[in-house]
Amino acid sequence: MPSLNELVRHHTNLDSADVEWIHLLVSEWQLLSDLSFADLVLWVPTRDGSRYVSLAQMRPNTGPTSYQDDMVGHLVPRGRRPMLDVALDEGRIVREGDPEWREDVPVRVESIPVRREGRVLGVIARNTNLLTVRTPSRLELTYLQSASDLAQMIAAGSFPFPGEQTDMDASPRVGDGMIRLDADGVVTYASPNALSAYHRLGLNADLVGLHLGKTTAELAPPSRGPVDEALVKLASGWAPRQTEVESGDGVVQLRAIPLKPKGDHIGSLVLLRDVTELRRRERELMTKDATIREIHHRVKNNLQTVAALLRLQSRRMENDAARGALDEAVRRVGSIAIVHETLSQNLDEHVAFDEIADRVLAMVMELSQDGRVTARRSGSFGILSADVATPLAMVLTEILQNALEHAYGPKAGGQVTVRAVRGRMPAADAGWGNSWAAGGSRGEEQLLITVVDDGVGLPEGFDPQRGGNLGLQIVRTLVVGELGGSFDMVPGETGGTRVVLEVPVGSAAP
């Protein structure tokens with residue numbers, strides 16, 4: 001389906017300001033559709049004036065549709081729909097004519113000119129399904145009267161309101177609750193949902209006959225004068241504004257729409273929605289997020305305390321082997337603390353692991369005397385969940401520490417390279433093979449990590465799946481047992497050792 005901008009560019013002479021006005025209208029006209037119980041189709045004359053092109057369409061939430069098919073992009077020759085011609089040429093709302101029959105359904109058609117700065121840009125065809133017409137209730141009569149006022153404002157170029165772009169997904173809708181005010185801000189009608197919302201705020205009477213602004217200000221918690229005055233003015237409907245009112249156990253969202261069908265302020269529409277439960281859930285989530293971050297912060301502090309105690313104990317050890325074991329424990333605890341520190345700064349249980357990997361590299365490289373051994377990272381680990389990030393940080397610490405201790409002699413230097421590649425592999429593959437490619441095939445998303453050093457290489461007959469010190473045992477346990485991945489150590493292509501880790505980090509989108 002072509003977009004509105006594409007249709008304008010291909011078929012019309014509308015300039016950028018006209019298109020902006022059309023976009024503003026389309027963002028607001030769900031209100032007119034719901035109040036009218038009618039479908040709306042926006043027709044704009046083509047560049048040569050011989051036809052109309054349909055730029056947009058809206059179906060009502062309050063009644064049956066008149067169009068089963070999508071009308072956007074349709075072209076209609078001028079003269080086939082006389083009401084469009086009259087509305088465009090004379091700049092007035094046209095209601096004359098008998099109902100049309102579409103698939104055995106009678107449809108009343110009206111045409112509303114869309115005016116901007118004195119020029120008619122196009123015409124809104126308002127199509128009402130008459131199959132379910134019955135004696136209207138007071139609510140429906142109020143809807144229709146309000147729709148008529150809005151239609152006149154569109155025809156006069158005073159609606160929508162310039163500079164008041166509204167997020168319709170977040171704003172109250174007609175069915176959520178509607179109040180009609182007279183020119184003095186007194187309630188002349190309140191829908192049942194609107195009345196229920198005000199009862200939630202603490203009102204114990206009917207709304208009809210009350211001044212909405214003063215009543216709303218009295219229900220809201222006491223505040224300073226200017227705030228009260230602004231709330232009174234907004235709830236009285238004198239300006240197109242939106243706000244929220246909280247009182248007691250209720251939170252109500254208000255949107256005021258002044259009505260000036262003939263240029264003079266005759267009253268207002270106030271749309272409102274009870275958002276009490278929505279705000280309560282949002283606050284609960286914020287509280288939970290804050291609690292989780294605080295837990296991670298405290299865990300990080302506790303781990304740093306443990307690391308400090310181990311470091312103090314290490315300094316008092318006379319046995320070199322015991323001192324080395326405690327120093328290894330300090331680094332293991334430190335790698336976990338880095339993850340919790342990062343999680344304490346996030347809004348969810350996911351972290352950008354590249355920063356963690358860089359900090360782990362810097363921490364382990366402090367072991368290198370005089371900086372003879374350096375480390376660098378290439379590629380990106382991406383975003384990882386805490387369940388993956390915590391053991392992976394420890395695994396990376398052990399592998400780097402193992403490389404420093406066993407790959408280089410006391411005076412030897414070199415470089416350790418950590419490379420991360422993330423992508424998807426078909427579920428049928430047992431290993432990466434040739435079918436895997438970054439961002440490629442559907443299936444489980446994998447993280448391929450290689451740690452390459454240019455040291456002395458592996459001892460003769462070394463079995464990485466069975467041999468090794470405590471550090472390699474920790475690596476095997478975490479990678480295979482906890483992360484569900486695979487681990488191997490092989491000779492490097494030009495010497496040294498290459499450690500290969502394959503870790504599943506999620507599933508591909510279906």
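Leaving aside residues up to four places away in sequence, Leu203 makes contact with Tyr198, Leu210, Thr215 and Leu219, where contact means heavy atoms within 4.5 Å. The structure is a predicted model, in which local features need pLDDT of at least 70 and side-chain atom pairs count only at pLDDT 80 or more, whereas totals for chains, interfaces and linings use all residues. Residues are numbered from 1 along each chain as its sequence is written, and side-chain values use heavy atoms, with hydrogens and water left out.

## Leu203 and helix H7

Leu203 lies in the loop between helix H6 (192-201) and H7. Helices and strands are DSSP runs numbered from the N terminus, with H or I over at least four residues for helices and E over at least two for strands. Leu203 counts as buried because its relative accessibility is 9%. The classes rest on relative accessible area: buried is under 20%, exposed is over 50%, and partly exposed lies in between, with a 1.4 Å probe and protein chains only.

Leu203 and Thr216 are 13 residues apart in sequence, and their C-alpha atoms are 9.1 Å apart in space. Helix H7 (residues 212-219) is largely enclosed by the rest of the structure, because six of its eight residues are buried. These buried residues are Leu212, Gly213, Thr215, Thr216, Ala217 and Leu219.

## Chain overview

The secondary structure of the chain comprises 13 helices and 18 strands. Of its 510 residues, 48% are buried. Contacts between residues at least 6 apart in sequence join residues at least 24 apart in 62% of cases.

Six strands make an open sheet with antiparallel pairing, in the order S3-S2-S1-S6-S5-S4. Strands pair if DSSP finds at least two bridges between them. Strand S3 (75-77) and strand S4 (100-102) are the edge strands, each pairing on one side only. With direction ignored, neighbouring strands in this sheet are turned by 40° against each other on average. Axes here are lines fitted to C-alpha atoms, for helices over the stretch in contact, and angles run from 0 to 180 degrees between N-to-C directions.

H1 packs on this sheet and touches strand S1 (39-45), S2 and S3, its direction making about 175° with that of S2. Helix H5 (residues 138-156) also packs on the sheet, touching strand S5 (105-116) and strand S6 (119-129), and its direction makes about 40° with that of S5.

H1 has a helical partner as well: the axes of helix H1 (residues 4-11) and helix H2 (residues 16-28) come within 11 Å and cross at roughly 145°. Leu4, Asn5 and Val8 in H1 meet Val19, Ile22, His23 and Val26 in H2. This contact of H1 with H2 has five nonpolar, two polar and no charged residues. In this classification Ala, Val, Leu, Ile, Met, Phe, Trp, Tyr, Cys and Pro are nonpolar, Asp, Glu, Lys and Arg are charged, and the others, Gly among them, are polar.

## The five-stranded sheet

A further open sheet of five strands, with antiparallel pairing, has the order S8-S7-S11-S10-S9. Its edge strands, S8 and strand S9 (242-247), each pair on one side only.

| Strand pair | Sense | Bridges |
|---|---|---|
| S2 and S3 | antiparallel | three bridges |
| S7 and S8 | antiparallel | three bridges |
| S9 and S10 | antiparallel | six bridges |

Val53 has Leu75 in S3 as its bridge partner, Leu181 stands opposite Val187 in S8, and Glu246 stands opposite Val251 in S10. S7 and S8 form a hairpin with four residues between them, and Gly185 in the turn has a positive phi of about 85°.

## Nonpolar cores

A nonpolar core is a set of buried Ala, Val, Leu, Ile, Met, Phe, Trp, Tyr and Cys residues joined through side-chain atoms within 4.5 Å. The largest has 53 residues, and Phe353, Phe381, Leu396, Leu400 and Val451 have the most contacts inside it. Helix H12 (residues 386-406) gives the most to this core, contributing twelve residues. A second, separate core has 42 residues, including Trp29, Ile93, Leu121 and Ala151.

Not counting residues up to four places away in sequence, Phe381 touches Phe353, Asp354, Ala357, Leu392, Val418, Ala420, Arg422, Leu447 and Ile449.
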